Each structure stands twice: as C-alpha cells, then as structure tokens.
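Please keep the sequence and the structure in view while reading.

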Amino acid sequence: MGTHRRPRQRATGGGRARTAATITLAGAATATGLGGTGHADPQPTAAQVRAKVDKLYQEAEVATEKYNGAKEKADAAERRLEELRDEAARKEDRLNSAREALGSVAAAQYRSGGLDPALQLALSSDPDRYLDGAAFVERAGSRQTAAVGRVRKELREIERLRGAARVEVSSLTSRRAELKRHRETVTGKLESARRLLSRLTAEERARVGDGTGDRASRAPSAGSREGLSASVQAPDSRAAAAVAYAYRKLGSPYVWGATGPNAFDCSGLTQAAYRAAGVSLPRTTYAQIDAGRRVGRSELLPGDLVFFYSGISHVGIYVGNGRMIHAPNPSAPVRVAPVDEMPFAGAARVV
C-alpha cells in the first residue's frame, strides 16, 4: 500500500505580509496622487485664457446666429398662424350667415306645406297667377341650392384653414424647442467665458481684451474727420447712412440677440444700420452675405458688409482704411477694429 502524505499547508504569514505591503504601496501612491508630493495642473497664462475665451465667444456667436435664424422662423410661423386664425374667423362668420339664409328658406317651405304642384294648379282660382308663383318657387329652389353650396364651400375652407393652422402650430412648437436649445448653448458658452475671466486680475483682464471700453471711446465719432471721410467714400447715400449710424453706435454694449437701438449683436448692428438707411436686411450673418453682390477684399468700400470665419458667424460694416465697425462679443462694446482681426470669409455690397 502506498504511503499517503498529508499536503503541506501554506504559510499564512508571508501572504499577509505581501498583502500588507501591497496596500501600503497603493496607499502611498494614492496619497502622492492626491497631493502629498504630487503636482497640480499649472494655472493657464493670461494668453491661454484669452485664447480659450475667444474660442468660447466664437462658438457662442455661431449659436447666437442659429438662435437668430430660429427666432426669425418662429416669428414668421406665429404670424402665419395668427393670419390663418383671422381668416378662419372671417369664414366662420360667412358660414353662419349662409346657414341662417338656408334656415330661412327651409322654414318658408315648411310653412307652405309643400303641396304637389299639379294639385296646387288644379285648386288655384287664378292659374296664370299660380304659374307666376311657381316660377318664383323654382327660383327660390335655385337660391336654396346655391345657399347649400355656399355652406359646403365655407365648411371645406374652414377645414383647410384648420389643417394649415395645425401644421403651423407643429412648426412653431419645433421652432421654440430649437430656440431653447440654442439659448442654452449660448448662455453656457458665455458663462464658461465669464468664469475663465473671473480668475484673472483686473489688469490681466484688460490685457486679454476685457477692458476695451477706452479703446471704443477713443474711436472716431460719426462727425469726426474719419467718420465723414468714410461716409463720403461710400458708393451711395444709403451706404453712407449705414456707416454714419454705425459710428453713432460706437460704445454700445454687445447683447446676444439684440438689434438696437441701445445694444446689439453683430448681425443685429448691421441690420439696424441698414434699416436706418431704409434698406431691409435679413437677420442672420449667413443670410446677410447673400443679400447683396459679393465683392473681393481688394474692392471694399465703406458700407460693405464684411464676414468672418468659415461658418459665416460674424459680420461688421467696412468703414475704409482696412477697418470696420462691429459688435465683437460680451467683453467689448461696438467698436472700430481692423478687418484682419479675424479670419476673413467674404464681403457683400447690399446697395
């Protein structure tokens, strides 16, 4: 019979020691990572903050233009819905009138008893007079048929208008949801930019472009030599009037979605300037670029609209000498700036 040996038992002490060592090392590593001897991320420089803030402002402006476009469509849908409701109300009034007329004819027929025409002729003491009356009854029947036709027509029109109104309500609901999404995007980007800027000192904010009020206040006014020169060089009186308006608004605050008279976003300023000159422009940058004749950068004249970024998300009014007036972002008011301050995308002459 073979010898049966009892299996050797593992020593438990060594395992415990190794486990303890592992826990100790892990704890040391964790402590180091949490700040024992670890290094926190370095604070961004003022230049890095400026770059991040500029990017946030540009993204917010893209969302702002989408918001402006959605708002324009929502407003149009609301106007169409109101027009449909007004038209439906007018047709319901006509339907009620047609129903009343039809009811009068039906009541008259009921009162006459509806005798067979041959019997009425036989009983009549004056056949000639009866025949005249029969012709009148026939005409009355024709009017009744026409009245029924009018009622049916008004009912069909009212149903058509109600169907169109349902479509507009659906469109309006969709546009309002789109507005909400774009509004949340804009406010989120602007809040992120505000938090970044709040980490800087006042002097640093001034260096990264937050304190631009002095620059704007030193810009030429509409009545200055430069302002007058820009108006004179404009291709016609309407472009000159738009330029003059833009000069008058220097220093006005940037407010997203605003079209004046005291605050503007970028496309709101250009729209308001040309509205003051008697020219109607679309609301958004990507629509404004198609509102006039495209011109090259070397052909620019005062009053031309100049557009920036690949998505056509920013616009200003050219005033000559390589400069424009624009509403930059919430950190800066309406001001004069060089056209090459941002990536140039195109230009349009609207008059």
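A crossing of two helices is called left-handed if the near helix is turned anticlockwise from the far one by less than a right angle, and right-handed if clockwise. The model is predicted, with local features needing pLDDT of at least 70 and side-chain atom pairs counting only at pLDDT 80 or more, while totals for chains, interfaces and linings use all residues. Residues are numbered from 1 along each chain as its sequence is written, and side-chain values use heavy atoms, with hydrogens and water left out.

**Overall make-up**

- The protein chain has 10 helices and 6 strands, where helices (H or I, at least four residues) and strands (E, at least two) are DSSP runs numbered from the N terminus.
- Of its 351 residues, 35% count as buried, a term for under 20% relative accessible area, with exposed meaning over 50% and partly exposed in between (1.4 Å probe, protein chains only).
- Among contacts (heavy atoms within 4.5 Å) between residues at least 6 apart in sequence, 66% join residues at least 24 apart.

**Nonpolar cores**

- A nonpolar core is a set of buried Ala, Val, Leu, Ile, Met, Phe, Trp, Tyr and Cys residues joined through side-chain atoms within 4.5 Å.
- The largest such core holds 32 residues, and those touching the most other members are Phe-264, Tyr-274, Leu-305, Phe-307, Ile-325 and Val-334.
- At least two residues of this core come from each of α8 (237-248), α9 (266-276), β2 (305-308) and β3 (314-320), and α8 gives the largest share, with 7 residues.
- A second, separate core has 12 residues, including Val-53, Leu-56, Leu-190 and Leu-200.
- Leaving aside residues up to four places away in sequence, Tyr-274 touches Arg-238, Ala-239 and Ala-242, and among its other partners are Val-279, Leu-281, Leu-305 and Val-350.

**Packing of α8 and α9**

- The axes of α8 and α9 come within 8 Å and cross at roughly 130°, the axes being lines fitted to C-alpha atoms, for helices over the stretch in contact, with angles running from 0 to 180 degrees between N-to-C directions.
- This angle makes α8 oblique to α9, because angles under 35 degrees count as roughly parallel, over 145 as roughly antiparallel, 65 to 115 as roughly perpendicular and the rest as oblique.
- The crossing of α8 and α9 is right-handed, and the contact is made by Arg-238, Ala-239, Ala-242 and Tyr-245 of α8 together with Ala-272, Ala-273, Tyr-274 and Ala-276 of α9.

**Loop residues**

- Glu-299 is placed in the loop between β1 (293-294) and β2 and is partly exposed, with a relative accessible area of 42%.
- Ile-312, in the loop between β2 and β3, has a positive phi of about 50° although it is not a glycine, and counts as buried at 15% relative accessibility.
- Asn-321, in the loop between β3 and β4 (323-326), has a positive phi near 55° in a residue other than glycine, and is exposed, with a relative accessible area of 66%.
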